[in-house]
Amino acid sequence: MLGRLSPPYQQALETIGRLAAVVESPDEGLQAAVDVLARSFAHYSWVGIYLLEGDTLVLGPWRGPVPTEHTRIPLGVGVCGAAAALRRTEVVPDVSKDARYLECFASTKSEIVVPIVDEREVCGEIDVDSDRLDAFGEADVVFLERVAQLITPLARAALRLIEG
Ligand code: SME
């Protein structure tokens, strides 16, 4: 799978892997991953990680021009809630045409949400908004699913700290 990624994706994946190995806390690792994603790809306008606490997605580290008011999203609600409930990547090429879409930013035109899955259980997700229409292709799906795998131990550890 790694071999099929084009250089910018492969490089970002390797950077996230290296950072994940040296960070001092799960939150720091998740923030580092978000930062690499947001700065590496011009079509990733806003990047955030939600952690699934019980039946609620709670916003963790994020990077973007402005904060979102959707910091807590119930499972099953919005594109984020759908991806977590269905345990599958959701790509929305045009958010204006998806009834599930919860608006965070007026500038968002498309969105991808990739679940972070630990032993078949969703523990969080990566949410990327783009100001471009139809910004996310197969390369983004493959890449972000690899990133999700890579950061699964960090998300699991962050949740353990929250839940005690
Ligand atoms: N648009 C998402 C909500 C999260 S914001 O994009 C940050 C949704 O429809 O679930």
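**Helix packing and the sheet**

Reply: Helix α1 (residues 7-22) packs with α4 at an angle of about 5°, and their axes lie 10 Å apart. Since angles under 35 degrees count as roughly parallel, α1 is therefore roughly parallel to α4. On the α1 side, the contact is made by Tyr9, Leu13, Ile16, Gly17 and Ala20. On the α4 side, Ala139, Phe143, Arg146, Val147, Leu150, Ile151 and Leu154 take part. By type, the residues of this contact divide into ten nonpolar, one polar and one charged. The model described here is a predicted one.

The sheet comes next. This open sheet has six strands in the order β3-β2-β1-β6-β5-β4, with antiparallel pairing. Its edge strands are β3 (72-74) and β4 (90-92), each of which pairs on one side only. From one strand to the next, the twist averages 25°.

Individual pairs can then be followed across the sheet. Strand β1 (residues 46-53) pairs with strand β2 (residues 56-63) in the antiparallel sense over six bridges, and Glu53 has Thr56 in β2 as its bridge partner. Helix α4 (residues 138-163) packs on the sheet, where it touches β1, β2, β4, β5 and β6. The direction of α4 makes about 55° with that of β5.

Strand β1 also pairs with β6, again in the antiparallel sense and over six bridges; here the bridge partner of Leu51 is Gly124 in β6. The pairing of β5 with β6 is antiparallel as well and runs over nine bridges, with Val128 of β6 as the bridge partner of Ile112. These two strands, β5 and β6, form a hairpin with two residues between them. In the turn, Glu119 has a positive phi of about 45°.

Strand β6 is mostly covered, since nine of its ten residues are buried.

In soluble globular proteins, nonpolar side chains tend to be buried together. The largest nonpolar core in this model has 43 residues. Leu30, Ala33, Cys80, Ile126, Val147, Ile151 and Ala155 touch the most other members of this core. At least two residues each are supplied by α1, α2 (26-40), β1, α3, β5, β6 and α4. Helix α4 gives the most to the core, with eight residues. Val147 and Ile151 also belong to the contact of α4 with α1.

Technical notes: Residues are numbered from 1 along each chain as its sequence is written. This is a predicted model: local features need pLDDT of at least 70, side-chain atom pairs count only at pLDDT 80 or more; totals for chains, interfaces and linings use all residues. Two strands pair if DSSP finds at least two bridges between them. Helices (H or I, at least four residues) and strands (E, at least two) are DSSP runs, numbered from the N terminus. Axes are lines fitted to C-alpha atoms, for helices over the stretch in contact, and angles run from 0 to 180 degrees between N-to-C directions. Two residues are in contact if their C-beta atoms, placed from the backbone, lie within 7 Å. Angles under 35 degrees count as roughly parallel, over 145 as roughly antiparallel, 65 to 115 as roughly perpendicular and the rest as oblique. Ala, Val, Leu, Ile, Met, Phe, Trp, Tyr, Cys and Pro count as nonpolar, Asp, Glu, Lys and Arg as charged, and the others, Gly among them, as polar. A nonpolar core is a set of buried Ala, Val, Leu, Ile, Met, Phe, Trp, Tyr and Cys residues joined through C-beta atoms within 7 Å. A residue is buried if 20 or more other C-beta atoms lie within 10 Å of its own, exposed if 12 or fewer, and partly exposed in between; C-beta atoms are placed from the backbone.
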